[in-house]
Structures are given as structure tokens and as C-alpha cells.
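Colleague: Could you walk me through this one? I'd like to know what stands behind each label before I use it.

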Amino acid sequence: TTADGRLELDVGAAVNGSVGGALPIVLLSAAAARCELVVAKVRTGRLALTDARGAPLDLTLLARPPTDAKAKDDEVQEAAFVGCAPGLGASTVFLRRAADARPPPRTVAAAAERWKADRFLGAPSALALRAGCTSATLQPNGMLQSLGCGAGARVDVVQSVASYEDEGGAYIFKARTGGEPFAVDGGDVAVRRSPLLEDATLRTAAFRSTVRVSEHSAAAAADVASAELHVACSAPSNRDIVVRLKTSLRRGRLLIHDGYALASRAASAPLDAAIGAIAHGPDAEFYPTAVGAALAQDDTLLLVVADRAVGVASRGSDRHAGELEVLVHRSTAQDDGRGLGSPAPDASTVRTRLWVVWGEARAVTAAASRLVAALEAPLHLMRGRCGGGAAALCEPPQWRAAFLPSFGAAAAATTATATGYASSVALRVQDSASTRVLLRLQRACTLA
């Protein structure tokens with residue numbers, strides 16, 4: 001898997017049209033049964049996907065930019081499918097290269113035209129991503145601007161990526177500025193549309209941001225609007241990097257999720273008054289959370305959930321009303337005076353995944369429960385091999401023969417008692433690793 005959790009499959013090297021066989025992909029569910037969108041990087045454009053019974057599954061090849069339209073089939077591109085796994089179990093899908101797996105030419109042409117129409121530089125016309133009831137309007141720079149569900153009300157969620165800079169040399173981080181957004185001039189924005197997802201990606205010299213909507217997202221529901229934000233950035237020395245969401249909920253109360261529920265918290269002090277006046281910066285203003293936070297106004301809720309621990313702040317001033325900041329990266333050249341104990345320079349690229357969910361408070365709370373459960377028990381993907389040290393490729397019947405157990409009745413009996421009867425059955429279980437497993441089941445019934 002890649003650093004951001006995507007599965008990389010070199011199908012082009014493993015499978016070709018003349019050699020039969022498919023690549024097993026095992027989907028493991030750690031706790032709860034689940035289905036979710038899977039995005040994989042593959043090295044071939046001729047793919048087919050089936051389940052363990054050989055039934056075809058929907059697989060969407062995500063369009064390449066026009067500049068890559070003439071790329072060879074064995075070059076990397078992304079494919080998406082919906083993977084399902086049972087609770088405390090696993091399911092297997094099979095990926096193969098096949099000449100007849102290419103979509104009809106009319107479909108390919110339509111996708112290319114949509115990409116060409118939606119890919120832009122500079123200041124294009126308004127653009128929206130849609131999936132299910134969700135409609136996400138984007139800014140000209142490709143970042144999120146607003147969310148709505150169906151024909152109902154909308155909420156402004158103006159996204160930016162900003163940096164707090166330390167004065168430098170101080171023992172405690174002290175902000176030099178009020179967190180200015182990174183410039184996006186000259187950034188390249190591209191949009192992808194497919195039956196499973198729609199997304200827009202902004203690439204700049206400082207960061208990369210993707211806004212994605214999908215009916216198969218972990219937060220998706222018929223009564224809420226939801227979008228995924230993927231942000232990748234690095235932090236120059238003595239910088240704090242935040243994802244800022246300026247909303248139209250100007251009277252919104254700040255709620256922090258502690259892992260069990262959302263609890264009310266006071267807004268942070270206005271940062272403008274702190275700059276140059278007191279010896280603490282934005283680090284002291286963020287509430288730590290391993291889940292996320294929300295803004296509540298009247299009977300609506302705007303929820304932001306992160307895939308890892310972050311800091312969240314909402315500034316207590318008219319200028320910053322209705323604004324959430326999510327601290328995603330920092331790099332300090334000296335101790336921060338708040339428990340760090342030493343400098344912490346970090347020039348690595350950090351990838352953060354955020355879910356933004358908006359709607360009626362009860363519906364958003366229900367979506368939050370599903371989302372937290374999905375984060376606690378993520379769907380794990382593994383590359384499978386057929387049993388006995390064989391090659392990676394095999395057909396579904398070979399896989400079932402190697403790994404799925406078979407059951408045969410060994411004995412059955414019914415015994416009468418004074419108050420009822422007891423029935424029992426013994427099953428002999430055989431698989432690739434065990435041949436002498438005996439499973440005994442018994443049921444006692446009491447007569448009224």
C-alpha cells in the first residue's frame with residue numbers, strides 16, 4: 001500500500017492476455033461488516049474484477065488527464081471499486097487483465113470529453129461535484145466552497161490551507177502572522193468524474209488538496225451532505241500548517257469529539273490580539289482530538305472527522321465566527337514549552353484525510369457513529385496467493401479449493417429426556433491446513 005493507504009497492484013507485470021489467471025485481493029474487516037470505496041493504482045488499462053464465485057463486479061478506471069491520454073496501457077492509472085467484507089472475516093475479489101474488459105468506446109470518449117471540459121487553469125466558471133444527494137460547489141482554485149443535500153439548504157464551507165509562522169528563536173512558539181493562506185496562483189486543477197466517485201485535485205508548490213464525493217464513502221447517507229478532503233503538505237521550519245474551513249454558521253457552537261460523543265467547548269481567544277502581545281501562539285489554542293469536531297447551530301450540525309489525531313480550534317471573534325481550523329502538520333526548531341521537551345523539525349509530507357458532513361443534527365450524529373466505527377475498524381486490503389507456495393495468479397475455483405473449508409456430516413442424534421429432547425450433530429471440517437477438525441453442535445429443547 002502507498003503512504004496514503006492506497007493499494008498498488010502491478011497487474012501489468014503479473015497478468016497478460018496469454019497467461020490465464022487472476023490476482024486475488026483479500027478484503028479483511030477488523031470488526032464490523034462493511035462496504036466502502038477502494039481506489040487502487042494499477043499498471044494496466046484492461047481490467048476485469050470478479051468475486052470468489054466468478055460473478056463480475058463493477059470496476060471503474062479513472063480517467064487520465066488529456067496530457068496523458070496517449071499513455072500506454074501498462075502505465076500507472078487509478079481504478080475504483082466497491083469492496084465488501086463481513087464482520088470478523090474476509091472476502092476475496094479477483095483482478096485480471098483481459099482484452100474484453102475495456103469499456104465501450106463511447107463510454108471512454110464521453111469520459112474524456114467530461115475531463116477536457118472540467119480541467120481548467122486560472123478562474124473557470126462555477127463547478128460542482130455530485131454523488132447521491134450531495135452537491136459540493138468548488139472555488140475557482142478547486143477547493144471546497146459549499147455543501148448541500150438535494151434541493152434543500154446549503155452551507156458555506158470555504159476551504160483553504162494556511163501557515164502560522166513563528167518569530168524564530170523564541171523558546172515558545174509565537175505567531176508572527178495570523179495564519180495567511182498559501183497562495184494558489186499557478187496551481188493546476190483537474191476534475192475526474194466516474195460512476196463511483198467525482199473529485200477535484202489542486203496541485204501547488206506548497207500542498208496538494210483533493211475534494212471527493214461518492215455514494216460509497218463511509219460518511220455517505222441519503223439525508224446528509226458529505227465530502228472527503230485529502231490534503232498532503234510539508235511544514236517548513238517553525239511553521240504550523242492548518243486546514244481552514246470558513247462556514248456560514250456564524251453562531252455555531254464548537255463541539256469536540258472525545259471518542260465517545262461530541263462535547264461543547266469554548267471558542268479560543270481571538271488570535272489577532274495575541275500576536276505580538278503574549279508569548280503563546282496557535283498551538284495553545286487547539287483542542288486535541290483523535291476523532292474530530294463540529295459546529296452546531298439551531299438544529300443543524302457541520303461535522304469534521306479526521307483519520308488521525310489533530311488539533312481543532314474555533315476563534316472567538318467576529319472576524320473568525322463560524323470558522324474551524326484543523327492543525328495537520330508542524331515543524332519547530334526549538335522546544336515549544338508545552339511538553340515537547342526538544343526541537344521537532346519535520347520536513348516530511350503528511351497526508352490527512354478529512355470527512356466534512358452537514359445536515360440535520362440527528363442525521364449527522366448517526367453518520368458520525370458509522371464513520372467512527374469505520375475508522376476504528378478500517379477495511380484492510382491484502383494481495384493474496386494461492387496455497388502451497390504456488391504463483392500469485394489463480395482462478396476462483398483454485399482459490400476456493402485451497403482456502404475455503406468443506407463440511408461433511410460425521411454423526412447426528414436426537415435424545416429424549418424427561419422434560420424435552422436434545423439434538424446434536426457432528427461436522428467434519430477440512431481445508432488446506434487441517435483435515436481432522438470435528439465440530440460438535442447441540443441444541444436442547446424444553447417441552448411446555
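Modeller: What follows takes the labels one at a time, each set against its cut-off. This is a predicted model, in which local features need pLDDT of at least 70, side-chain atom pairs count only at pLDDT 80 or more, and totals for chains, interfaces and linings use all residues. Residues are numbered from 1 along each chain as its sequence is written, and side-chain values use heavy atoms, with hydrogens and water left out.

Colleague: What is the mean pLDDT of the chain?

Modeller: The mean is 76, and 69% of the residues reach 70 or more; pLDDT is the predictor's confidence in each residue, from 0 to 100. Over residues 104-125 the pLDDT is below 50, though beyond near neighbours in sequence that stretch has 28 contacts in the model (contact means heavy atoms within 4.5 Å). Residues 272-281 are also below 50, with 19 such contacts. Where pLDDT is low, the predicted coordinates should not be read in detail.

Colleague: What makes Cys35 and Cys84 a disulfide?

Modeller: The S to S distance is 2.0 Å, and a disulfide here is a pair of cysteine sulfur atoms within 2.5 Å, so Cys35 and Cys84 qualify. Cys35 sits in strand E3 (residues 34-42) and Cys84 in strand E7 (residues 77-85), 49 residues apart. Strands (E, at least two residues) and helices (H or I, at least four) are DSSP runs, numbered from the N terminus.

Colleague: Why is the disulfide of Cys35 and Cys84 called right-handed?

Modeller: Because the torsion about its S-S bond is about 115°. The structure holds two disulfides, and the other joins Cys133 to Cys149, also with S to S 2.0 Å. There the torsion is about -115°, so that disulfide is left-handed. Cys133 lies in the loop between strand E9 (127-131) and strand E10 (134-138), while Cys149 is in strand E11 (residues 144-149), so the pair ties together parts that are 16 residues apart in sequence.

Colleague: Are those cysteines buried or exposed?

Modeller: Both Cys133 and Cys149 are buried. Buried means under 20% relative accessible area, exposed over 50%, and partly exposed in between (1.4 Å probe, protein chains only). Cys35 has 47% and Cys84 has 36%, so each of these two counts as partly exposed.

Colleague: And why is Ser331 called buried?

Modeller: Its relative accessible area is 3%, which falls under the cut-off, so Ser331 is buried. Ser331 belongs to strand E25 (residues 323-331). Leaving aside neighbours within four places in sequence, its contacts include Ala235, Arg239 and Pro345.

Colleague: How do you know that Ser331 has a polar contact with Asp346?

Modeller: A polar atom of the Ser331 side chain lies 2.9 Å from the backbone nitrogen of Asp346. A polar contact is a pair of N or O atoms within 3.5 Å; within protein, one must be able to donate a hydrogen and the other to accept it, and residues adjacent in sequence count only if both atoms are side-chain atoms.

Colleague: What makes E14 and E20 edge strands?

Modeller: Nine strands form an open antiparallel sheet in the order E14-E15-E16-E17-E26-E23-E22-E19-E20. Strand E14 (188-193) and strand E20 (262-264) each have a single partner strand, so one side of each is left without a neighbour in the sheet.

Colleague: How many bridges pair E14 with E15?

Modeller: Six, in the antiparallel sense; two strands pair if DSSP finds at least two bridges between them, so E14 and E15 pass. Within this pairing, Val189 stands opposite Leu202 in E15.
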